[in-house]
2 protein chains.
Amino acid sequence: MLDEAWLHATYRVESRSSEIDARANAIALEQSIETPIEGVNDERVLRDVVARVVNIARVAETSFDVTIAIAVETTGFEAGQLLNMLFGNTSLHDDVALIDVEVPPRFAAGFGGPRFGIAGIREITGVRGRPLTCSALKPQGLAPAQYAQIAGTFAHAGIDVVKDDHGLADQSSAPFTARVRAVQRAIDEVNRASGTHCVYAPSLSGHCGQMREQLLHARDSGVRMLLIAPMLCGVATLAAVARDANMPLIAHPAMAGAARIAPPLLLGKLFRLFGADATIFPNSGGRFSYAAKVCDAIVERARAQWLDLSPMLPVPAGGMSVARVPEMRARFGDDAMLLIGGSLLIAGDQLLARCREFVAAVKREGEKR
Amino acid sequence: MLDEAWLHATYRVESRSSEIDARANAIALEQSIETPIEGVNDERVLRDVVARVVNIARVAETSFDVTIAIAVETTGFEAGQLLNMLFGNTSLHDDVALIDVEVPPRFAAGFGGPRFGIAGIREITGVRGRPLTCSALKPQGLAPAQYAQIAGTFAHAGIDVVKDDHGLADQSSAPFTARVRAVQRAIDEVNRASGTHCVYAPSLSGHCGQMREQLLHARDSGVRMLLIAPMLCGVATLAAVARDANMPLIAHPAMAGAARIAPPLLLGKLFRLFGADATIFPNSGGRFSYAAKVCDAIVERARAQWLDLSPMLPVPAGGMSVARVPEMRARFGDDAMLLIGGSLLIAGDQLLARCREFVAAVKREGEKR
């Protein structure tokens, strides 16, 4: 367990062996005082603030894992500034990736992690003993009543969570307030009539002030879950919304890039640290190219015991289909939410039947124990 | 000039020739409706919302520039959502980079671009006929009085702009309010005593609400310029701060990555569109590896005539030294701000003299016309 004064960041550095010591030291300076060490004559800064190289491990001929101890005081205990100290300037080097972070326990507790996590999402949706099901309101450009109709069909079929497509924001065709009111009402009606427990997660957009207004409106409309894209809005905004929301947050990977911050760290650990309750990731074999082992690592980081932070629900997505339900259940187990969007929506008039197949497939898998 | 209903985004796609048509179409769907086209039966969506491939140009054996027309209505006329529509999900493909964006004139006017730009920064600093000079308060971990002393020395030497190191946030060693008050007061005193016009640009951090509080405090302390890192706080926050600040904003490239969004587009055009008045970039030959032609392109995009947006001041930085002043002036001309940080600070007791050399070198270059 780490001393509360330091956190450890690990970087994968492509470098010749003869240069790795200098590269590692340069990263330590860049990610702390950002000036040559000769420019510092303050004893306290030299002792308590300058980052230090704590380990260099060779992983291939010209590839090294460099672990740097960074003073937690430099983060100001704030999510955006933490990301700045982890990778702000070093993100500008294309031969360095940030691959892992270890933080001390009280530091992590200060961020708080998932307020609901897997247990809270199961509580709200009433789903036990199987993966959750999720679909998305698409395409962009429809009117609120059209989204409400699709949402009602999803709910009727027994889908657990209906989220906005992450592209739905506050556009004129379906402004946030009108869309959220109409969709939540449609889902509420089905829930009352059919005894289902479908939950709607609308997508927040804009800056923190706009999101807070959206949150208030969503709460007034009866919304009990939210979608947020932390790399678009900034992790400081994620952390602030997690403090205020009092409902689970699903993190969306938009703008999370492919590799400069290792996806298991970013989508798994960091989003979890800052308070996401569920994390959507582009599963292998879909429209994106994340390798299966990367996806496994994301899932592992989301759910593993980690200090006192609640586990976060992994949400494989990005071109999934009903046919893949057994394989995804086998791979990820029950504590996951399977998100299928487009491949349900192409059913057209058969949407309800296709959604019911999805729900039934997941329930069937849940009964195999 | 583009129709007001569509913007054009250009992606560099690594692909086999036989697959490029399919790849291009997939990007158009991913960056608009995010569902197979068969899932859409709404005529308006098909006509006005679905993005379209407008050009595919081969640039190398397996490299293509794909231009997609994206409906401006999908952006909600909001910076974060615009970035989402430009590169949200496609950022997850490691063989696609976003390299250019063209937006229609009224759409650009809605964001407003630099409120001060080069002319406004010259007005506030009183600098004509030469590049501006800039240095940074470092290292992290000092007390407010220590930063104030360094700032006073910078001002005394005649440096035009003193900015916070981008790592200075709201840490306990130098909380924002105490630091900003002390530094601004020190600079004000020198300005009064010596007739200099030094301007201080403190660094904003956290989410938009926190930045607005910092902005109010900064204004109360007499601050007339600000530093902001758009890829840390989110471009929605940059756009909101640009609307509120009523003083020039210097954009910092922290977390801007090396290449997935082409630096001339991100640091040049997009930051400018969203309201940055100056843009810091890691100049070639310093601590970062941006090629000279990339830096030239950033500078070109920052200053070129572009719709009705004011030009933005380019700020070469990242390990520059006084010895490079003539070369940087020759390369970038007068409408630039030369930022030298660490290489001044290592002068220790000779800081004032070293800063005066910097100021004198720039003035000398300004006199060569």
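Colleague: How many bridges join strand 5 of chain B to strand 6 of chain B?

Modeller: This is a predicted model, where local features need pLDDT of at least 70, side-chain atom pairs count only at pLDDT 80 or more, and totals for chains, interfaces and linings use all residues. Residues are numbered from 1 along each chain as its sequence is written, with chains lettered from A and ligands numbered from 1 in the order in which they are written. Strands (E, at least two residues) and helices (H or I, at least four) are DSSP runs, numbered from the N terminus. Strand 5 (residues 132-137) and strand 6 (residues 161-164) of chain B run parallel, and the bridges joining them number 4.

Colleague: Which residue of strand 6 of chain B stands opposite B:Ser135?

Modeller: Look along strand 6 of chain B. Opposite B:Ser135 stands B:Val162.

Colleague: Which helix of chain B gives the most to the side that touches chain A?

Modeller: Residues are in contact if their C-beta atoms, placed from the backbone, lie within 7 Å. The contact takes 71 residues from chain B and 71 residues from chain A. Elements giving two or more residues on the chain B side include helix 2 (43-49) and helix 8 (208-220). The most, 6 residues, comes from helix 3 of chain B.

Methods
Contact = placed C-beta atoms within 7 Å. Pairing = 2+ DSSP bridges.
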